[in-house]
Structure formats: structure tokens, C-alpha cells
Amino acid sequence: MTETTGTRSGHTGTEPAGAGAPPPARRSGVRPAAVGLPLLGAVITLAAWWLVTSGLELVHPVSLPPPQAVWQAMVAGSGVLMPALGVTTTMTVVGFLLSAVAGVLIGMALAGSRRVERMFAPLLVAVNAVPKIALGPLLVVSVGWGAKPILTMVFLLCFFPIVLSTATGLTTTPNDLAELARSLNASWWQAFRKVRFPAALPQIFVGLKVAMPLAAIGAVIGEFYSDKPGLGYQILQYNGIGDTATAWAAIVLIALMSILLYSALSLVERFALPWVRATTSAR
């Protein structure tokens with residue numbers, strides 16, 4: 001009777017009770033907190049904005065209009081602001097993609113050769129240290145009007161964090177993965193394609209996510225010195241005629257655009273690197 005009972009229990013006396021149980025899987029899908037908490041943060045921000053401008057009247061409406069005035073100006077000026085939003089979004093995305101391609105290639109070159117790194121790393125740091133807004137008028141003289149100064153400004157602001165993250169990721173391959181590639185007699189290209197580059201992708205995406213908001217900043221700064229009627233151009237125009245509410249509406253649209261683009265990039269990272277969530281601890 002004792003042996004029968006022990007057999008029905010499903011494990012022997014020396015086997016732990018939960019040895020055969022699979023590890024708990026992570027819950028997939030969108031959690032309510034992922035949507036509710038950002039909305040709560042937006043509500044708190046709007047409430048603080050209203051309190052400062054309308055409730056306590058700590059700031060003059062000319063300097064910072066209340067949120068209701070900005071909303072009314074956004075609705076009234078939608079015929080101008082929405083096309084401008086399309087222009088700025090296009091410049092931001094195109095400039096970011098150019099920066100991503102060039103930044104990853106430059107980072108690969110720095111990671112692949114110590115001599116190349118020593119020759120060009122100080123120059124990259126020097127270019128990144130130059131105040132970009134001071135280059136605006138010079139870009140118009142150098143590359144002309146239109147989209148070129150905007151894309152150049154986006155590139156100058158975005159490329160350095162992408163270069164740095166790519167070079168860092170490619171030079172910090174885990175030792176166990178590098179040893180595995182060597183033990184399998186993998187060629188340099190095979191080791192790079194199968195081990196080094198995939199292992200560097202999480203670090204590369206960190207640089208891309210840092211660069212995405214900078215791309216929006218670069219596009220707006222470039223539009224200050226361009227004839228492209230984007231949101232940066234509209235900010236200067238409306239501010240020049242004293243319509244600060246519409247100028248702030250353009251600023252709000254820039255912020256919303258940046259949030260959407262950053263969220264889209266995070267979504268791409270989540271689908272492109274599924275093993276990262278599976279091999280790292282949940283927060």
C-alpha cells in the first residue's frame with residue numbers, strides 16, 4: 001500500500017516536488033498599466049499646467065498659454081499645423097534612418113580596427129561637441145535651402161549615440177559566446193553574423209532610442225533655417241506675430257510626434273529581439 005501511494009504521487013522520495021514543472025511563462029499582451037500609467041502621467045501634467053497658468057496664475061498667458069487656449073489654437077490652426085506635422089515627421093524619420101545606417105557602419109568600423117578607432121574617435125567627439133544650433137546659418141550657405149540643411153542637422157545630432165552604442169556592443173561580446181564561435185572554427189564573418197552582431201543588437205537599440213528624440217530636435221532646429229514649412233518654421237512664424245498659443249500648439253505636436261516615434265521604435269525592438277525579454281529579468 002505504501003509503494004502504491006508513492007507511485008501515485010508522481011515523483012520519488014529523492015526528487016523535489018517541483019522538479020518536472022515548467023518555469024512560469026511571461027504573460028504576453030498589453031497590460032492595463034502600460035496604457036493607464038502613461039495616461040495618468042499626461043493627466044497630472046495637464047493638471048499642473050492648468051494650475052500654473054489658470055488656477056494660480058503664476059505665469060502670464062503670453063509666456064505660457066493655458067492648455068485650453070493651446071487646444072483651441074491647435075483646432076483653429078489645424079489646416080496649417082497638420083501639413084507642417086507631416087513635413088516635420090518626414091524629415092525626422094528620413095534623417096533618423098540615414099543616421100542609423102551611417103552610425104552603425106561607422107561603429108562597426110571603429111569596433112573592427114583599433115587603428116581606425118584611434119584615428120577617428122577624437123574627431124567624432126569633436127564633431128559631437130560643436131553646438132549644432134550655431135551651425136544652422138552655415139548649413140544654409142553650405143548645402144542650400146530645402147531638405148538638405150534639415151537632414152544634415154538631424155544627422156549631426158543623431159549619429160554619435162548610434163556610433164557609440166554600436167562600437168560598445170560589438171566590443172563587449174560575452175566570453176562564452178566568443179569561445180563557442182572559436183570552438184566551432186567559425187570564420188570572422190560567420191562569428192560576426194551569428195554571434196557578435198546579434199549580441200550587440202540590444203546595445204545598438206539603446207543608441208537608436210537615445211537618438212530618436214534627438215532626431216525630432218534636429219528637424220525642428222533645421223527648419224528654423226530652412227524654407228520647409230514644418231513645425232519649426234511655424235513656431236517662428238506664429239511667435240513672430242505674437243500668437244504664442246499656436247506656437248505652443250506646434251510644440252505640443254512635436255512632443256506627441258516624438259512619443260509616437262519612440263514607441264514605434266520600442267515596438268520594433270520588442271519584435272526584432274524576442275530573446276532579450278526571455279533571457280533578462282522582468283522589472
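Helices here are DSSP runs of H or I with at least four residues, strands are runs of E with at least two, and both are numbered from the N terminus. This is a predicted model, where local features need pLDDT of at least 70, side-chain atom pairs count only at pLDDT 80 or more, and totals for chains, interfaces and linings use all residues. Residues are numbered from 1 along each chain as its sequence is written, and side-chain values use heavy atoms, with hydrogens and water left out.

Q: What makes up the protein chain in terms of helices and strands?
A: By those DSSP runs, the protein chain has 12 helices and 0 strands.

Q: What is the pLDDT of the protein chain on average?
A: The average is 82, and 86% of the residues score at least 70; pLDDT is the predictor's confidence in each residue, from 0 to 100. Residues 1–21 sit below 50, and beyond near neighbours in sequence that stretch has 2 contacts in the model. A contact means heavy atoms within 4.5 Å.

Q: Why does threonine 166 count as buried?
A: Buried means under 20% relative accessible area, exposed means over 50%, and partly exposed is in between (1.4 Å probe, protein chains only). Threonine 166 comes in at 0%, so it counts as buried. You'll find it in helix α7 (residues 147–170). Not counting residues up to four places away in sequence, threonine 166 touches Gly103, Val104, Gly107, Met108 and Ile204.

Q: Why is proline 229 called partly exposed?
A: Its relative accessible area is 39%, so proline 229 lands in the in-between class. Proline 229 is in the loop between α9 and α10 (231–240). Leaving aside neighbours within four places in sequence, its contacts are Ala84, Val87 and Gln234. Valine 87 is 142 residues apart from proline 229 in sequence, yet 7.1 Å apart in space, C-alpha to C-alpha.

Q: Why are α9 and α11 called roughly antiparallel?
A: Axes are lines fitted to C-alpha atoms, for helices over the stretch in contact, with angles from 0 to 180 degrees between N-to-C directions. Under 35 degrees is roughly parallel, over 145 roughly antiparallel, 65 to 115 roughly perpendicular, and the rest oblique. The axes of α9 (residues 188–224) and α11 (residues 244–272) cross at roughly 155° and come within 10 Å, so the pair is roughly antiparallel.

Q: Which residues make the contact between α9 and α11?
A: Among them are Phe205, Leu208 and Met212 of α9, and Ile254, Met257 and Leu261 of α11.
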